[in-house]
Amino acid sequence: MVDLRVMGTYKPIKNYDEGDDEQRRLDPCRMLQTTGQDDVEMALPISESRSATAYANEERWAKKIDDHSLSSSRNQPQRLVSLDVFRGLTVALMILVDDVGGILPAINHSPWNGLTVADFVMPFFLFIVGVSLALTYKKLSSRVVSTRKAILRALKLLAFGLFVQGGFLHGLNDLTYGVDIKQIRWMGILQRIAVAYLVAALCEIWLKGDDTVNSGSSLLRKYQNQWGVALFLISLYLSLLYGLYVSDWEYQIPTEPSLPPKIASVKCGVRGDTGPACNAVGMIDRKILGIQHLYRRPIYARMQECSINSPDYGPLPSDAPSWCQAPFDPEGLLSSVMAIVTCLVGLQYGHIIVHFKDHRVRILHWMIPTSCLVVFGFALDVFGMHINKVLYSFSYMCVTAGAAGILFTGIYLMVDVCGYRRVTTVMKWMGMHALAIYILAACNVFPIVLQGFYWGHPRNNILKLVGIGT
């Protein structure tokens, strides 16, 4: 099964003695002043402290045990706990938004421009994937083999996405299944993560230099080709978004099967528009994917122009514009280009873990770009490049990637530096099982299975008793 974690493994901590262990128990945050030796991750859990005598005893016993068994015991996989906690927190936030967003509009996705709590979920996942990739590909035995495995993982994730979001499962209160290939939704959350994962993985496998990293400038030099890819993707996105001419278009409004089809026309004839009707993001999806393969419940249907219950879905106002019922995919092709950049930003944050051992240095190298991204993103919004999750605008990428950096730094400081792990046990567990939780809970697979068991009538099921899907 494909795993959203894409986690790396770590060697046991070196130069760790009982005196240091006692100091850590007395003051975990003292580790901020500690400089690591050769290991990538210092603030990882270890089962017991080891003195010089213990190491000597180990060496004597090693002569009596099999070399392979000894090697396996000394290379037990270690995890970056803060990354699991961050992933688990994002999964919890996603579930909260899906279940409570309709009741509390403040945490639901913004209908168009603007930023709400729900709009941070996708960028957080992409950022986490990037950080994980830096740890996974810290040492490569074979670039070709790693490339093959990365492609296979991406294809598996694409297949999962098509199954749970392509329309095969019809949702709550509908026990039928199956999807017309002529209308299947090609893009979705898992598909976008798969594309971003693949591009970032290929960059990490093939586009890093041989420079020795001992400063921020040398870190930039080592990964300058990856930054070049990010700048190219940003330039491509902006040039297409503001440069493509969007002509008039039309679509078929959904009606009852017994009624004749109704065609709506949308007047555009503009260039560089970022409104719901005439943006280049939607045009590219309509041309390449086909309008019949796009998401049929567009987020902009909650705008005041399209719903009398705005910011929630509702009946159309009498003067609603013609585009209100048009399909639009929030995980489209052009918007996914900028989503890849978020993953590449996370990749660079992961490089800081790999190359710097001192916690203060890590936090400093994280907080400087984080602050710049947030300030720059809000500045772009003020000057007209609005924060927009659906278009995945450049300003949106900056603000959300910066917010991910802030949250990750805070969790790292609390969990891996200061050692406060008991309070995050649940989030860590959710982070270690992110994909399974996403498919079962967020994609309604588990509720759909439950409602398949009923008495007398399909409506009489356990979900109805607890008030779900009624």
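Analyst: A disulfide is a pair of cysteine sulfur atoms within 2.5 Å. The model here is predicted, so local features need pLDDT of at least 70 and side-chain atom pairs count only at pLDDT 80 or more, while totals for chains, interfaces and linings use all residues. Residues are numbered from 1 along each chain as its sequence is written, and side-chain values use heavy atoms, with hydrogens and water left out.

User: How many disulfides does a search of the whole structure find?

Analyst: The search finds two. In one of them, the sulfur atoms of Cys306 and Cys324 are 1.9 Å apart. This link is left-handed, with -75° about the S-S bond. Both cysteines of the pair lie in the loop between α10 and α11 (333-355), 18 residues apart. Helices are DSSP runs of H or I with at least four residues, and strands are runs of E with at least two, numbered from the N terminus.

User: Are Cys306 and Cys324 buried or exposed?

Analyst: Buried means under 20% relative accessible area, exposed over 50%, and partly exposed in between, with a 1.4 Å probe and protein chains only. Both Cys306 and Cys324 are buried.

User: Turning to the surface, which residues form a nonpolar patch?

Analyst: Patches are made of residues with over 30% relative accessible area and no salt bridge; like charges are joined within 9 Å, and nonpolar side chains (Val, Leu, Ile, Met, Phe, Trp, Tyr) within 5 Å. A salt bridge is a side-chain nitrogen of Lys or Arg within 4 Å of a carboxyl oxygen of Asp or Glu. Accessible areas come from the Shrake-Rupley method with a 1.4 Å probe, and for residues only the protein chains shown count as cover. Here the patch consists of Met414, Tyr420 and Val423, with about 320 Å² of accessible area together.

User: Where does Val423 lie, and why does it count as exposed?

Analyst: Val423 is in the loop between α13 (394-417) and α14 (425-432). Val423 counts as exposed because its relative accessibility is 71%.
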